Amino acid sequence: ILAFLMERESATHKEILDHVPVSASTLSHHLKKLTASGVVARSAAPGRDYRIADPKLVARIMATYELVTADQVDTFIRVWGEFRL
């Protein structure tokens with residue numbers, strides 16, 4: 001979920017579901033936990049897209065637990081910065 005969201009500015013539940021190998025209810029469960037912890041934010045706009053709340057924090061977590069390489073972290077931060085400009 002996090003890797004998918006890190007590659008995008010935001011995504012809907014359906015878009016995420018189309019790219020992660022879990023059921024809709026399992027995805028909802030994990031998105032609720034990620035939102036409650038402040039890792040993922042949900043927009044108030046129509047469509048209620050999900051986005052990474054703090055991409056630098058998520059990149060550090062993913063690197064710490066070796067879920068991504070250092071090059072991927074650098075790319076995530078650079079791309080996220082371009083989205084935010």
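## Helix α4 and the chain around it

Ile61 lies in helix α4, where helices (H or I, at least four residues) and strands (E, at least two) are DSSP runs numbered from the N terminus. This is a predicted model, in which local features need pLDDT of at least 70 and side-chain atom pairs count only at pLDDT 80 or more, while totals for chains, interfaces and linings use all residues. Residues are numbered from 1 along each chain as its sequence is written, and side-chain values use heavy atoms, with hydrogens and water left out.

The chain contains five helices and two strands, and, read along the sequence, these elements follow the pattern α-α-α-β-β-α-α. Of the contacts in the chain with a separation of 6 or more, 48% are accounted for by residues 24 or more positions apart, a contact being heavy atoms within 4.5 Å.

Which residues of α4 are buried? They are Pro55, Val58, Ala59 and Met62, where buried means under 20% relative accessible area, exposed means over 50%, and partly exposed lies in between (1.4 Å probe, protein chains only). These residues sit on the same side of α4, because they cover an arc of only 100° around the axis, the arc being that of the directions from the helix axis to the C-beta atoms. On the other side of α4, Arg60 and Thr64 are exposed.

After α4 comes Glu66, whose phi is positive, near 55°.

## The nonpolar core

A nonpolar core is a set of buried Ala, Val, Leu, Ile, Met, Phe, Trp, Tyr and Cys residues joined through side-chain atoms within 4.5 Å. The largest one here has 16 residues, and those that touch the most other members are Leu5, Met6, Ile16, Val40, Tyr50, Ile52 and Val58. Two or more residues of this core are given by each of α1 (2-6), α3 (24-36), β2 (50-52) and α4 (55-64).

Tyr50 shows how such a residue is surrounded: leaving aside residues up to four places away in sequence, Tyr50 touches Leu5, Ser10, Ala11, Thr12, His13, Ile16, Leu31, Thr35, Val40, Ala41 and Arg42.

## The surface

Buried residues make up 26% of the 85 residues in the chain. The accessible surface of the chain comes to about 5,500 Å², of which 56% belongs to carbon and sulfur atoms; accessible areas come from the Shrake-Rupley method with a 1.4 Å probe, and for residues only the protein chains shown count as cover.

Leu57, Ile61 and Tyr65 make a nonpolar surface patch of about 290 Å². Patches are made of residues with over 30% relative accessible area and no salt bridge, with like charges joined within 9 Å and nonpolar side chains (Val, Leu, Ile, Met, Phe, Trp, Tyr) within 5 Å. Ile61 itself is partly exposed, with a relative accessible area of 34%.

## Salt bridges

How many salt bridges does the structure hold? There are two, a salt bridge being a side-chain nitrogen of Lys or Arg within 4 Å of a carboxyl oxygen of Asp or Glu. Arg8 forms a salt bridge with Glu7, and their closest N and O atoms are 3.2 Å apart. Arg8 is partly exposed, with a relative accessible area of 26%, and Glu7 also counts as partly exposed, at 48% relative accessibility.

Asp18 forms a salt bridge with Lys14, where the closest N and O atoms are 3.2 Å apart. Asp18 and Lys14 are both exposed.
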